[in-house]
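Biologist: I am new to this structure, and I would like a close look at one part of it. Could you walk me through the place where the two chains meet?

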Amino acid sequence: MSPRLGTARRIVLAAVVAPILVVSVLLAVIWHPVMWTLVAVCVVAFLSGWWLIGRRVRSFGYAERTDDLLVISGIMFRRMVIVPYGRMQLVDLTAGPLDRRFGLTTVQLHTAAATSDASIPGLEATVASALRDRLAKRGEERSSGL
Amino acid sequence: MRSTSEIESQVSGTPRHVDARTPWVQVAQNVPATVLLLWIVSGGTEILSRSYEVTALVVLLIVGSIVTFRLLQWRNLTYWVDEDGDLRVDSGIMQKQKRRLQVSRLQSVDVTRPFVPRWFGLATVRVEAAGSGESRVNLAYMDLQAAEQLRDQLLALSAGVAGEAGTEGVPPVAPEVILARVNSSELLLSLLLRTSTASLLLVSVFFLTISFITEGAGGLLIAVITGGIPLASVFTEYFRNHNFTVATSPDGLRIRRGMTTTYSNTIPPGRVHAVGFVEGWLWRQLGWVRVELNLGGSPGRKDDSSATNVLMPIASKQEAIHLVEQLLPGANPDHVERTCAPQRSVWRAPFQWRNVSLGSNDEYVVMTNGWLTRHTVVVPHGRLQSVRITRGPLESALGLASLHIDSTPGPVVPVAPHIDGEFARGFAEAQVERSRSARAAAAPERWMLPG
């Protein structure tokens with residue numbers, strides 16, 4: 001995973017928390033000191049979010065094995081998916097505006113099952129497209145219908 | 001009996017119309033409702049209520065336009081099987097539509113006989129190919145014999161017996177042998193005894209009693225809701241699966257069912273991705289089981305009543321296994337050695353854990369789960385899409401994990417919840433390997449071709 005994924009997600013976190021923080025500080029100053037508790041909550045949420053994002057981003061991982069792709073993710077709720085190359089129906093690359101800013105891409109694998117959600121976020125754009133090409137090639141070699 | 005020349009004329013691919021009575025039957029279905037609606041509306045409209053002549057003219061105009069529309073629709077709808085064996089359908093009055101359903105991607109051909117067309121001996125053929133969107137075609141209405149003939153032909157073509165080009169020889173007519181028949185009163189009873197239905201009905205009885213004792217209307221209202229909704233679903237299900245029979249044919253298993261509208265579905269063995277045996281608490285006391293299927297190519301269209309995911313709405317365990325073995329030979333869950341969840345799993349799933357197990361043999365993975373309603377799932381190794389292991393915080397603390405076998409969308413959910421973590425991990429790796437070798441050795445998609 002690119003370390004910039006953490007940065008990108010922290011920017012989103014900051015963008016969400018900052019306006020609430022500003023409003024609650026203003027309210028605390030103008031209206032009532034009780035609003036300082038809200039300020040404290042915001043700060044705690046921000047710091048824990050910051051820390052959690054770091055852990056969560058580090059938790060993503062994938063391994064290209066001989067016949068299948070293994071994807072792991074999660075800290076509290078951990079998951080591991082093994083997708084045989086022959087079962088892949090399509091490989092999606094997506095990048096939102098902020099992702100593009102940081103040169104990041106999410107690779108998502110689809111099979112005939114809706115539940116086999118294997119996505120790898122925050123790959124460098126070049127790494128992602130190279131991965132996609134490799135996956136597509138292996139999928140074609142081992143394809144076996146439904 | 002169908003003659004050879006008739007079938008050959010279909011194979012050789014001259015465009016054909018559906019039955020000529022179609023527009024009139026469609027009009028007959030729509031007109032009474034239209035006239036009734038007009039009559040109600042005209043009660044409030046001055047122009048219409050002024051004279052019979054105006055009313056008659058308006059009715060005539062409307063009926064006339066419906067008839068014209070249906071006639072044009074009929075004239076522009078043609079279908080044929082082309083030289084590649086693909087089904088071609090051209091339709092549309094203003095906007096022409098030309099569709100081609102590839103025989104290699106054919107998923108199902110169902111014959112449905114709706115209430116009114118049934119009186120005229122007509123039926124609808126619904127053809128579905130793998131893929132999304134425009135991969136489904138409804139041919140309405142065809143003479144029942146022609147409909148069944150087209151169905152047999154398409155299934156035979158997709159199974160590979162009619163030859164690559166579809167021109168050599170006559171597709172064999174699949175003779176049917178009835179394997180199982182569901183007694184309709186037993187079906188009704190079994191539907192009422194489903195865990196959710198039975199408990200909701202009990203709740204409504206409770207509220208009815210309360211409102212009777214207290215003479216209040218509130219309880220009555222709740223009882224109407226808690227009782228009415230499950231009863232409505234019971235009767236929908238009952239009408240759909242009335243006279244349920246399962247028969248063998250070389251195409252697969254053929255299901256016939258329905259009361260007002262009758263359906264005929266064919267389940268080729270090659271389409272079955274997972275089988276689930278469902279036993280509610282009350283059902284277990286009576287030794288009943290319901291058999292559900294995950295099929296390839298019909299992604300969870302629950303609203304579509306002409307497709308089916310139910311192999312048997314109610315059967316004895318023995319009967320159910322016998323039926324499933326017709327589709328997946330040797331798929332008897334009792335013959336597969338399974339490992340149960342460890343005792344510490346009681347902290348995560350205090351009631352369910354006793355019924356959780358997971359195991360596999362050379363051909364199938366079998367898993368069981370559920371507390372009140374027990375599920376036994378069988379997945380052929382070659383049908384696995386992916387393997388997934390999840391663990392929540394409590395599971396991690398206890399060294400447990402849940403193993404999911406991802407299958408095509410459908411009612412069957414293959415999962416072994418809260419089993420030993422190490423075992424799950426090892427099983428997943430071994431399972432992926434087993435699936436890989438099963439796929440490598442898999443028979444061709446055209447399942448009727450010898451060898």
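**Where chain A meets chain B**

Modeller: Happy to! The contact (heavy atoms within 4.5 Å) draws on 22 residues of chain A and 27 residues of chain B. A word on the basis: this is a predicted model, where local features need pLDDT of at least 70 and side-chain atom pairs count only at pLDDT 80 or more, while totals for chains, interfaces and linings use all residues. Residues are numbered from 1 along each chain as its sequence is written, chains are lettered from A and ligands numbered from 1 in the order in which they are written, and side-chain values use heavy atoms, leaving out hydrogens and water.

Between them, chain A and chain B bury about 2,100 Å², 53% of it on carbon and sulfur atoms; buried area is the accessible area (1.4 Å probe) that two parts lose on being put together, summed over both.

There are two salt bridges between chain A and chain B, meaning a side-chain nitrogen of Lys or Arg within 4 Å of a carboxyl oxygen of Asp or Glu. One of the two salt bridges joins the side chains of A:R65 and B:E429 at 2.9 Å, N to O.

On chain A, the side that touches chain B takes at least two residues from each of β2 (68–73) and β3 (78–84). Strands here are DSSP runs (E, at least two residues), numbered from the N terminus. The most comes from β3(A), with seven residues.

β3(A) also pairs with strand β19 (residues 386–391) of chain B, antiparallel and over five bridges; pairing requires at least two DSSP bridges between two strands. Within β19(B), B:R388 is the bridge partner of A:V81.

Note on methods
Helices (H or I, at least four residues) and strands (E, at least two) are DSSP runs, numbered from the N terminus.
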